[in-house]
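I opened a new notebook page for this structure. My plan is to look up a few features, one at a time, and write down what I find.

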Amino acid sequence: MKLKYILVLIPFFLISCKGIKGLDYKESTQSILTRHNWYEVCNNSKSRIYTFTSSSFTKTEYDNEDFTDFNYKKEFQVLEYKENGLRLQRDNEVYNCSVVYDVKDLKYIQMECNSQNKFILLNGWSSKDLAAQNRAACY
């Protein structure tokens, strides 16, 4: 009889533990980043599109705010996605990246990557309009 009550109480216990890490559903970093392109419009009138796939990260830069005057494209290999980050590689340089995103509506991400010799910072918005409204100080 006690076993019957315990079996009935286990689902209620799990539901009440929703806030405990590991029992709460959290979308993966890979899922968030690969959901769609991320856009950035810079104060210096340049614009960028960031594209993530399971195996690559591409940064495309334009010389105008309208994403039409192509400047260059850089592609990085994704070595791994981690919780709140990822590791990239380009030209034998490995970057450790941390990713911060707006958990509420996932319209904004910020990614900071460091290697031994280089640094990458991006502020990505989920749409071109949001990027234009929230210009970044790009380097």
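**Entry 1: Two loop residues**

I started with Asn84, which counts as partly exposed at 33% relative accessibility. I keep in mind that this is a predicted model. I then looked up where Asn84 sits, and found the loop between strand 4 and strand 5 (85-90). Phi of Asn84 is near 65 degrees, which is a positive value in a residue other than glycine.

Ser45 belongs to the loop between strand 1 (38-41) and strand 2 (47-52).

**Entry 2: The whole chain**

I counted 3 helices and 8 strands in the protein chain. What order do the elements of the protein chain run in from the N terminus on? I read them off as α-α-β-β-β-β-β-β-β-β-α.

I also looked up burial for the chain. The protein chain has 139 residues, and 35% of them count as buried.

**Entry 3: The disulfide**

How many disulfides does a search of the whole structure find? I got 1 disulfide. It joins Cys97 to Cys113, with 2.1 Å from S to S. I checked where the two ends sit. Cys97 lies in strand 6 (residues 93-101) and Cys113 in strand 7 (residues 108-114), so the pair ties together parts that are 16 residues apart in sequence.

The link of Cys97 and Cys113 is right-handed, with 110 degrees about the S-S bond. Are Cys97 and Cys113 buried or exposed? I found that both Cys97 and Cys113 are buried.

**Entry 4: Strand 3**

I picked two residues here. Thr60 lies in strand 3 (residues 56-62), and Tyr62 is found in strand 3 as well.

Why does Thr60 count as buried? Its relative accessible area is 8%, and buried means under 20%. I listed its neighbours, leaving out residues up to four places away in sequence. Thr60 touches Ser47, Arg48, Ile49, Phe70, Tyr72 and Lys73.

Tyr62 is buried too, with a relative accessible area of 13%. Tyr62 and Ser47 are 15 residues apart along the chain, and their C-alpha atoms are separated by 5.2 Å.

I moved on to Asn123. Its place is in strand 8 (residues 119-125). Asn123 is buried, with a relative accessible area of 13%. Which side chain does the side chain of Asn123 join in a polar contact? I found Gln110, at 3.0 Å. Not counting residues up to four places away in sequence, Asn123 touches Tyr39, Glu40, Tyr108, Ile109, Gln110 and Ala136.

Asn117 gave me another picture. I found Asn117 in the loop between strand 7 and strand 8. Asn117 is exposed, because its relative accessible area is 62% and exposed means over 50%.

**Entry 5: The largest pocket**

I ended with pockets. Rolling a probe the size of a water molecule over the atoms shows where empty space is left. The largest pocket has a volume of about 210 Å³. I counted 12 residues in its lining, and Lys59, Lys74, Phe76, Tyr95 and Ile120 lie nearest its centre.

Which strand gives the most to the lining of the largest pocket? Strand 4 does, with 3 residues. Strand 4 (70-82) and strand 8 each supply at least two residues of this lining. I sorted the lining by class as my last step. I got 6 nonpolar, no polar and 6 charged residues.

Note on methods. Residues numbered from 1 in each chain as written. Predicted model: local features only at pLDDT ≥ 70, side-chain atom pairs only at ≥ 80, totals over all residues. Heavy atoms only, no water. Helix = DSSP H or I, 4+ residues; strand = E, 2+ residues; numbered from the N terminus. Buried < 20%, exposed > 50% of the residue type's maximum accessible area, 1.4 Å probe, protein only. Polar contact = N/O pair within 3.5 Å; in protein donor to acceptor, adjacent residues only side chain to side chain. Contact = heavy atoms within 4.5 Å. 1 Å grid on protein atoms, 1.4 Å probe; cavity = no way out; pocket = protein on both sides within 12 Å on 5 of 7 lines; lining within 4 Å. Points joined across faces, edges and corners; volume = space filled by probe spheres on them. Nonpolar A, V, L, I, M, F, W, Y, C, P; charged D, E, K, R; others polar. Disulfide = S-S within 2.5 Å.
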